[in-house]
Amino acid sequence: MKGMLPPERYEVSGVIHCHSTYSDGMEPVPVIAEAANRAGLSFLLMTDHDTLAPLHELGEQWVENTLLLFGVEITPRHNHYLAYGVTQPICPHLPPAVYTAAVAEQGGIGRPARRRGERHP
């Protein structure tokens, strides 16, 4: 619309893919969240493998100035997928079209965990 200013913009920094001891990470969620806060992150989105247990056990919350959120990394043999905004587990043994549809049915969004051709270290 002519003459209107764009909405005010904000810069935030955060992490959208992080694992804890709920899957193959090295530290429990509270330790990671405290480190994220010390590092000045605005948000931390935990995405442990095939579990939403931390969401249900700990809940999304502020850790001082860092917003702690939970998603899940759906981990079939190939094509790992990060899902955000879901509250129910999604079977990792489904074809990609089915598990991405399951994310959408829950009102969630997602993205591939890695770029095409990128390998896990």
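The protein chain carries three helices and six strands, taken as DSSP runs (helices H or I with at least four residues, strands E with at least two, numbered from the N terminus). Along the sequence, the pattern reads β-α-β-α-β-β-β-α-β. This is a predicted model, where local features need pLDDT of at least 70 and side-chain atom pairs count only at pLDDT 80 or more, while totals for chains, interfaces and linings use all residues. Residues are numbered from 1 along each chain as its sequence is written, and side-chain values rest on heavy atoms, with hydrogens and water left out.

As for overall dimensions, the C-alpha atoms fill a box of roughly 50 × 40 × 30 Å along the principal axes. Of the 121 residues, 35% are buried (under 20% relative accessible area, with exposed being over 50% and partly exposed in between; 1.4 Å probe, protein chains only). Take the contacts (heavy atoms within 4.5 Å) with a separation of 6 or more: 58% of them come from residues 24 or more positions apart.

Now to the inside. Leaving aside residues up to four places away in sequence, V103 touches I74, Y81, A83, V86, I90, G108, I109 and G110.

Because Y81 lies in strand β5 (residues 81-84) and Y99 in helix α3 (residues 96-105), the pair ties together parts 18 residues apart in sequence. Y81 counts as buried at 12% relative accessibility, and Y99 does too, at 1%.

On a 1 Å grid over the protein atoms alone, a cavity is a set of points where a 1.4 Å probe fits but cannot get out, with lining residues having an atom within 4 Å of a point. One cavity of 30 Å³ or more is counted, and about 40 Å³ of space lies in the largest cavity; the volume is the space filled by probe spheres set on the points, which are joined across faces, edges and corners. D50, T51, L52, V72, I74, P89 and I90 line the largest cavity.

Conventions:
On a 1 Å grid over the protein atoms alone, a cavity is a set of points where a 1.4 Å probe fits but cannot get out, and a pocket is an open set with protein on both sides within 12 Å along at least five of seven lines; lining residues have an atom within 4 Å of a point.
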